[in-house]
Amino acid sequence: VGVFLDCITILVSAALFTSRTLATNSASDLRKRMVSLPSLPMRGASEKALQNHHQAWGKVLDDTLGLLVWEDFHRCGLFVYTILLTVQIFQAFRGQPKLAQLASALMHAVVDALHFF
């Protein structure tokens, strides 16, 4: 179980690093596209110019929403990663008698603590 948990932790950490790197690159590209967006067409401009302006802003806003959803999934991944690290710490406690006693007490207290949620 220990080696399997180590492998899973390494894979999750690599996936989180890759996700953060891709999100940072996407955010950088999105900033560049926002800066290069055309200004609002003047009053009385053609319908086509107005349509082009709306499409350009719509694409940027859609990509911003996608980036925010990506961030939410990344946060969920960070939660899972934290749980994996906590489980690894508890496994390391088994090698130490006093820490094993503490881990056992915490494991028995989890049932009572989850009652409040």
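**Helix lengths first**

I took helices as DSSP runs (H or I, at least four residues), numbered from the N terminus. H1, residues 2-35, has 34 residues and reaches 49 Å from first C-alpha to last, close to the expected 50 Å.

**Ground rules and confidence**

This is a predicted model, in which local features need pLDDT of at least 70 and side-chain atom pairs pLDDT 80 or more, while totals for chains, interfaces and linings use all residues. Numbering runs from 1 along each chain as its sequence is written, and side-chain values use heavy atoms, without hydrogens and water. I noted a mean pLDDT (the predictor's confidence in each residue, from 0 to 100) of 89 for the protein, with 98% of residues at 70 or more. H1 has the highest confidence, a mean of 93, and H3 (residues 97-114) the lowest, at 83.

**What packs where**

I looked up the buried residues (under 20% relative accessible area, 1.4 Å probe, protein chains only). Those of H2 include His53, Glu71, His74 and Phe93, and the buried set of H2 packs against H1 and H3. H1 buries Leu5, Ser19 and Leu30, among others, and its buried residues pack against H2.

**Ser19**

Ser19 counts as buried because its relative accessibility is 14%. Beyond neighbours within four places in sequence, I found Ser19 in contact with Trp70 and His74, contact meaning heavy atoms within 4.5 Å. The side chains of Ser19 and His74 also make a polar contact of 3.3 Å; that term means N or O atoms within 3.5 Å, one able to donate a hydrogen and the other to accept it within protein, with residues adjacent in sequence counting only if both atoms are side-chain atoms.

Methods:
Helix = DSSP H or I, 4+ residues; strand = E, 2+ residues; numbered from the N terminus. Expected span 1.5 Å × (residues − 1). Buried < 20%, exposed > 50% of the residue type's maximum accessible area, 1.4 Å probe, protein only.
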